[in-house]
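Reader: Please take me through the terms used for this model, and show for each one how the value leads to the label.

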Amino acid sequence: MKKILYITAFVPEQGSAGEKFSKQLLELLSASAKVDLVYFKYSHNNNFYTASRNLKVVKVFRNSLLIKIINILLYPFVFPLFSARFNILRLISLKKIVRQGNYDTLVFDFSQTFLFASFFKSANKVLISHDIIAQRYSRIYGGILTPIVKFSERRLLATPGSEVFCLSEKDSILAKDYYKLETNFTSILMDRAIMDAWPETTGDYYIFFGNWARKDNYSGLHWFLDKVYPVLERKFTARVIGPGLPGHLRKLIAGTESIEYQGFVENPYPEIANAKALISPLFSGAGIKVKALEALACGTEIIGTSVSLEGIPGRFADFMTLADNADSFKGIIESFNTDTGKKKELKSLFLANYPDKKIAEHILNNRKH
């Protein structure tokens with residue numbers, strides 16, 4: 001049976017899109033291979049648990065702001081995002097695990113683990129890039145940090161013996177444009193609850209959906225509540241789903257008449273499937289927006305910015321409406337119409353055109369050099 005070491009920068013869990021991807025990929029891999037897991041966690045994170053006999057946690061690295069600052073100071077040779085989890089003691093520990101494990105493949109999940117990968121040049125490695133970090137930094141601080149990020153990211157993505165997977169064709173194209181690097185791309189993994197969620201009706205409500213602890217997400221929601229919601233003339237009812245909403249936004253929503261914050265919902269997908277549309281006012285970030293893709297998978301159209309919609313396959317273009325400013329959001333929402341038949345058409349299109357296991361198949365079929 002194939003043996004894999006999987007190193008990921010976060011706790012694989014159902015919360016954020018990236019961590020959810022990791023959890024689903026681990027489940028797919030451990031169904032037919034032995035998988036040892038290394039992950040990083042903060043004190044407030046839950047531990048990872050699994051019922052799979054083939055999946056075993058072999059190391060948990062503790063994370064904190066102090067540890068990250070020390071790591072950055074100790075290894076100033078790359079951009080801090082890539083060094084914040086790295087130090088020599090952790091590298092020694094990881095090398096011992098690899099030496100004793102006799103693994104067929106090492107999987108490095110998230111760019112924050114790629115610096116470790118660069119010290120395993122002879123190993124068979126898969127690097128999973130959730131987004132091109134340089135694009136993210138091109139959209140903040142006036143892009144001033146972009147050249148520095150590119151210098152580090154180019155070096156790490158080109159680590160010898162590595163195959164790089166991006167989570168969208170758009171990011172694969174960016175890697176080639178930025179770094180002259182050929183990468184693979186794979187679809188975002190969709191769990192069964194999403195694929196089973198069919199539109200039963202068209203509810204009289206919109207959905208905002210995300211991990212609201214992330215600044216990209218809560219800043220966009222705040223912008224919408226400040227710039228768009230007050231000028232809407234047509235009745236507007238919305239539900240905000242997802243964990244981590246900052247207190248000031250909870251208070252702002254509580255002061256509205258028709259927006260409800262539901263927090264974390266174990267299975268939000270039936271509710272998303274029946275919504276009129278997902279509203280996604282994102283103005284920063286990079287990579288494909290998984291929550292937008294999940295809405296499409298549920299049969300729900302998207303009203304969003306160019307950042308929200310980037311990387312989503314063009315075959316779904318008829319179900320995505322671009323809005324990049326307050327006036328366009330207002331006009332689209334006040335004239336927006338859909339029906340259950342159109343939602344079911346989208347659901348069927350998605351099911352027929354979304355293969356999502358390419359990366360798992362590649363890792364399982366890959367052999368030592």
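**Labels and their cut-offs**

Reader: Why does Tyr137 count as buried?

Author: The relative accessibility of Tyr137 is 14%. Buried means under 20% relative accessible area, exposed over 50%, and partly exposed in between (1.4 Å probe, protein chains only), so Tyr137 counts as buried. Phe79 gets the label too, with a relative accessible area of 9%. This is a predicted model in which local features need pLDDT of at least 70 and side-chain atom pairs count only at pLDDT 80 or more, while totals for chains, interfaces and linings use all residues. Residues are numbered from 1 along each chain as its sequence is written, and side-chain values use heavy atoms, with hydrogens and water left out.

Reader: How do you know that the size agrees with a compact globule?

Author: The radius of gyration is taken over C-alpha atoms, and the globule rule is 2.2 Å times the number of residues to the power 0.38. For 369 residues the rule gives a value near 21 Å; the protein has 21 Å, so the two agree. The C-alpha atoms fill a box of roughly 65 × 40 × 40 Å along the principal axes, and 56% of the 369 residues count as buried. The protein has 17 helices and 13 strands, which are DSSP runs numbered from the N terminus (helices: H or I, at least four residues; strands: E, at least two).

Reader: How many aromatic pairs does the structure hold, and what makes Phe40 and Phe61 a tilted pair?

Author: There are 21 aromatic pairs. Rings of Phe, Tyr and Trp (its six-membered ring) pair if their centres lie within 6.5 Å; planes under 30 degrees apart count as stacked, over 60 as edge-to-face and the rest as tilted. Phe40 and Phe61 have ring centres 5.1 Å apart and planes at 35°, so the pair is tilted. Phe40 sits in strand β2 (residues 34–42) and Phe61 in strand β3 (residues 55–63), which puts the partners 21 residues apart. Both Phe40 and Phe61 are buried.

Reader: Why is the pair of Phe79 and Tyr137 called edge-to-face?

Author: Their ring centres are 4.9 Å apart and their planes stand at 75°, so the pair is edge-to-face. Phe79 lies in the loop between α2 (65–74) and α3 (80–83), and Tyr137 in helix α6 (residues 133–138), so the pair ties together parts that are 58 residues apart in sequence.

Reader: What makes Arg85 a charge over the ring of Phe10?

Author: The rule asks for NZ of Lys or CZ of Arg within 6 Å of the ring centre and within 35 degrees of the ring normal. Arg85 lies over the face of Phe10 at 4.7 Å from the ring centre. Arg85 also lies over the face of Phe40, at 5.9 Å from the ring centre.

Reader: How do you know that Arg239 and Glu271 form a salt bridge?

Author: A salt bridge needs a side-chain nitrogen of Lys or Arg within 4 Å of a carboxyl oxygen of Asp or Glu, and Arg239 and Glu271 meet at 3.0 Å, N to O. Arg239 is in strand β9 (residues 238–241) and Glu271 in helix α12 (residues 269–273), 32 residues apart. At 25%, Arg239 is partly exposed; Glu271, at 17%, is buried. The structure holds 16 salt bridges.

Reader: What separates Glu334 and Lys330 along helix α15?

Author: Glu334 and Lys330 are four residues apart in helix α15 (residues 326–335), so about one helical turn separates them. They form a salt bridge, with the closest N and O atoms 3.1 Å apart. Lys330 has a relative accessible area of 18%, so Lys330 is buried. Elsewhere, salt bridges that share partners join Asp131, Arg136, Arg214 and Asp216 into one network.

Reader: What makes the phi of Asn102 worth a remark?

Author: Most residues other than glycine have a negative phi. Asn102 is not a glycine, yet its phi is positive, about 50°. Asn102 is found in the loop between α4 (88–101) and β4 (105–109), and at 54% relative accessibility Asn102 counts as exposed. Lys180 has a positive phi of about 55° and lies in the loop between α8 (169–179) and β7 (184–185). Its relative accessibility is 72%, so Lys180 counts as exposed.
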